Amino acid sequence: MSRGVSAARDRCSELERLIAGRARSGSLGLDDALKLFDELLPHARPASVFAFNHLLNVVSRARGSSSTSELVVSRFNRMTRTCGGNKVRPDLCTYSIIIGCFCRLGRLELGFAAFGLVLKTGWRVNGVVISQLLKGLCDMKRVDEAMDVLLRRMPEFGCTPNEFSYAILLKGFCNEGRVEEALELLHMMADDGDTSCPPGAVSYSTVIDGFCRDGQVDKTYSLFLKMSDRGISPDVVTYTTIIDGLCKARAVDRAEGILQQMICKGVKPNTQTYNCLIHGYCSMGQRKEVVRMLKEMSAHGHEPNVVTYSLLLDYLCKNGECTEARMIFDSMIRKGIRPNIITYGILLRGYAAKGALADMQNLLDLMIGNDISPDHHIFNIVFCAYAKGGMIDEAMRIFNRMSQQGLSPGAFDYGALIDSLCKVGRVDDAMLTFNQMVNEGVTPNIVVLNSLTYGLCSVGKWEEAEKLLFEMLDQGIRPDIVFFSTIMCNLCKEGQIMEAQSVIDLMVHVGVRPDVISYNILIDSYCLAGVMDKAMKLLDVMVSVGLKPDVFSYNTLLHGYCGAGRIDDACRLFREMLSNNVRPGAVTYNVMLHGLFQSKRFSEAKGLYLNMIKSRTQWNICTCNIILNGLCKNNRVDDALRMFQSLCSKDFQLDMITFNIMINSLLKSGRKEDAMNLFTAISAHGLAPNIVTYRIIMENLVKEGLLEEFDNLFSAMENSGCAPNSRLLNALVRRLLRRGDISRAGAYLSKIDEKNLSLEVSTTSLLISIFSREEYQHHVRSLPKKYHFLEKVKK
């Protein structure tokens, strides 16, 4: 044997020992595995297959399953090609690794081809090899085929399915939302006396997790109990799974009961267990329980990890408490816990939601300074925040920075930027961005095209909009009626009704037929603008093109006519509606009743109300309030009171508007005792007086000069938890000033100042008007000090 051959063999043996040792110790990483592969390849011998298996296994298990799977396949090809079939022959373990990689790459056909080579070679198939195929089939949503392999093919190969094989299928069924079928398979495992594979904790945990994700709390709990009945002791994974599911279903109390049961059974909860409960209490907004759970977690020897802190930050940020969230974030860093990209994203989103753009940018800089590169999600948070804040140039800078860092913007990224540019009127820049998107090979979606079409329409660029729509059609993207309706709604919200009407013509040009909703959008906009003649003309156009106006079309027009005081036109249209066999609903009657009462046409309103009852139209509390208010406004308080009492006797569900109408009317008609009796009866109906109720009564008490009673009611209101607002206090101050009770007015002015509320213009004007008179000058000192300047005000 030559010295060179001996040296090569020695080097090969040395590398094989090194690889085997590091694989056993777990110290072999991806980069080292690839390097050692290249070193071993030139010296390899048949026995080197064991070392290659170690290396390929390390590469296949590294993070990034798709890219690392590709690396395994390429190394496998090099191994078989370079070494030759006679030198290093892949064994069953090698093929098991390569089959798994093919399956993770979504190339099942190659996985089965490799499996065919295994059979051809004559190796005895084991569960490890077939499990790779089972997982590949389940990942591709082909669970039925996997079931056939498990129950029929595995026994044919003399390979008995084990719990791991079954667990793959159980998880596959659950991932497809077929939890009931997973449960059937679990029962089959448990009930089949011939099977050598009764379900254990892993199988039950898998199906329990499936029911949890499906939101079936009762079945989750039932299966958990059945597991215990069969003598299978749940482990920490099972307990944590059911606790997590119960928390997500907002059954946190039951979840904590499971935690206590877990501890009693001697199963120690881990950090993940506590994180599930903390997440549950955060989602319920129960801050005290969150704090308690953190203390209990520490008492059991578990310190919060990055997930725990992320949950707390998410809770605080969603409640707008970004300052507190930042304090926790900083304390987390001080404790040596390194925030991950998810943690930064939560706090960035919190700042973005509050519009705290400077804080957001500082945190982004800190993140980059700590060697955490922003991903698409982070960039989207930041540039969308700038766009929302109107800082489009800054948003575009962040967008360009994304590309500079090697992150290719996708349709969502481009869509967000294009939408922002269109909304601020920079449609030319939006078109340039759109062209850049197309040039970079990013296919625009319907959302992007919606924003761009809206932008072009809003600036009157109809030819370009039409051209864009035809390009969409050429690319197979077919805009539908919803697409155009959305654009019309947006234009109408901006007050661009004529532009919205032009969209109708655009729809016809691209072959989309306008529907009733399209016309209703325009009719509603014209009615809101008070242009009733154009709104009515659109109704005629609808009919002329073969569309039948619906109840919404008529309701909109009726509301427009009544709002404009054109009650005769409303009545005529209502009769036309009936003649066209469009059945009025509760909304229709409410609109007409309100309009008739407002026009003091009481007899017609009464007739309409009787017609409503006759037609058996379902009426609601809104209808009752309109009628009661109409009766009271037309000085028929006794009729209103009788109707009110009838509603009470029938246990009709009243609201505070009903009581406010009646109390106000009774007070105005001088029936204070009846009004106060009604006020006392509010709680018996399961309601509580609101700020309007108190204002009605207190203004009346001041008017009647019952000032001590007024003060007492004000105190009672505050004690009941109903805080006075600016409108109430200003109204009371004006009432007291007009009455000449300057001292008491001063006391309520002080309340306005104490609560940091604003003084209304009408209150200020009244103060100046009163104290510009000579006879009131000496009363200025009765007001709070800040109003003493009124001494110098003179006519």
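Buried means under 20% relative accessible area, exposed over 50%, and partly exposed in between, with a 1.4 Å probe and protein chains only. This is a predicted model, in which local features need pLDDT of at least 70, side-chain atom pairs count only at pLDDT 80 or more, and totals for chains, interfaces and linings use all residues. Residues are numbered from 1 along each chain as its sequence is written, and side-chain values use heavy atoms, with hydrogens and water left out.

**Overall form**

- The chain has 43 helices and 0 strands. Helices (H or I, at least four residues) and strands (E, at least two) are DSSP runs, numbered from the N terminus.
- The radius of gyration of the chain is 38 Å, well over the 28 Å that the globule rule gives for 795 residues, so the chain is more spread out than a compact globule. That radius is taken over C-alpha atoms, and the globule rule is 2.2 Å times the number of residues to the power 0.38.
- The C-alpha trace spans about 125 × 70 × 65 Å along its principal axes.
- Of the 795 residues, 47% count as buried.
- Take the contacts (heavy atoms within 4.5 Å) between residues at least 6 apart in sequence: 60% of them join residues at least 24 apart.

**Helix 11**

- Helix 11 covers residues 201-213 and reaches 18 Å from its first C-alpha to its last, close to the 18 Å expected at 1.5 Å a residue. The expected span is 1.5 Å times one less than the number of residues.
- Helix 11 is largely enclosed by the rest of the structure, because 10 of its 13 residues are buried.
- Among the buried residues are Y204, V207, I208 and F211.
- The cover over these buried residues includes helix 9 (163-175), helix 10 (179-191), helix 12 (217-229) and helix 13 (236-248).
- Just after helix 11, G215 has a positive phi of about 75°.

**Helix 18**

- Helix 18 (residues 322-334) also has 13 residues. Its end-to-end C-alpha reach is 18 Å, close to the expected 18 Å.
- Its buried residues are C322, A325, F329, S331 and M332.
- They pack against helix 17 (306-318), helix 19 (341-354) and helix 20 (357-369).
- G336 follows helix 18 and has a positive phi, near 85°.

- Helix 40 (residues 707-719) and helix 41 (residues 726-739) pack at about 170°, with axes 14 Å apart. Axes are lines fitted to C-alpha atoms, for helices over the stretch in contact, and angles run from 0 to 180 degrees between N-to-C directions.
- The two helices are therefore roughly antiparallel. Angles over 145 degrees count as roughly antiparallel, under 35 as roughly parallel, 65 to 115 as roughly perpendicular and the rest as oblique.
- L707, F710, F714 and M717 in helix 40 meet L728, L729, L732, L736 and R739 in helix 41.
- The residues of this contact divide into 8 nonpolar, no polar and 1 charged. Ala, Val, Leu, Ile, Met, Phe, Trp, Tyr, Cys and Pro count as nonpolar, Asp, Glu, Lys and Arg as charged, and the others, Gly among them, as polar.
- I691 lies in helix 39 (residues 691-704). Leaving aside neighbours within four places in sequence, I691 contacts M717, C722, A723, P724, N725 and L728.
- The C-alpha atoms of I691 and D214 are separated by 44 Å.

**Positive phi outside glycine**

- K600 is not a glycine, yet has a positive phi of about 60°. K600 sits in the loop between helix 33 (586-598) and helix 34 (602-614), and counts as exposed at 61% relative accessibility.
- N756, also not a glycine, has a positive phi of about 55°. N756 is in the loop between helix 42 (742-754) and helix 43 (761-771), and counts as exposed at 69% relative accessibility.
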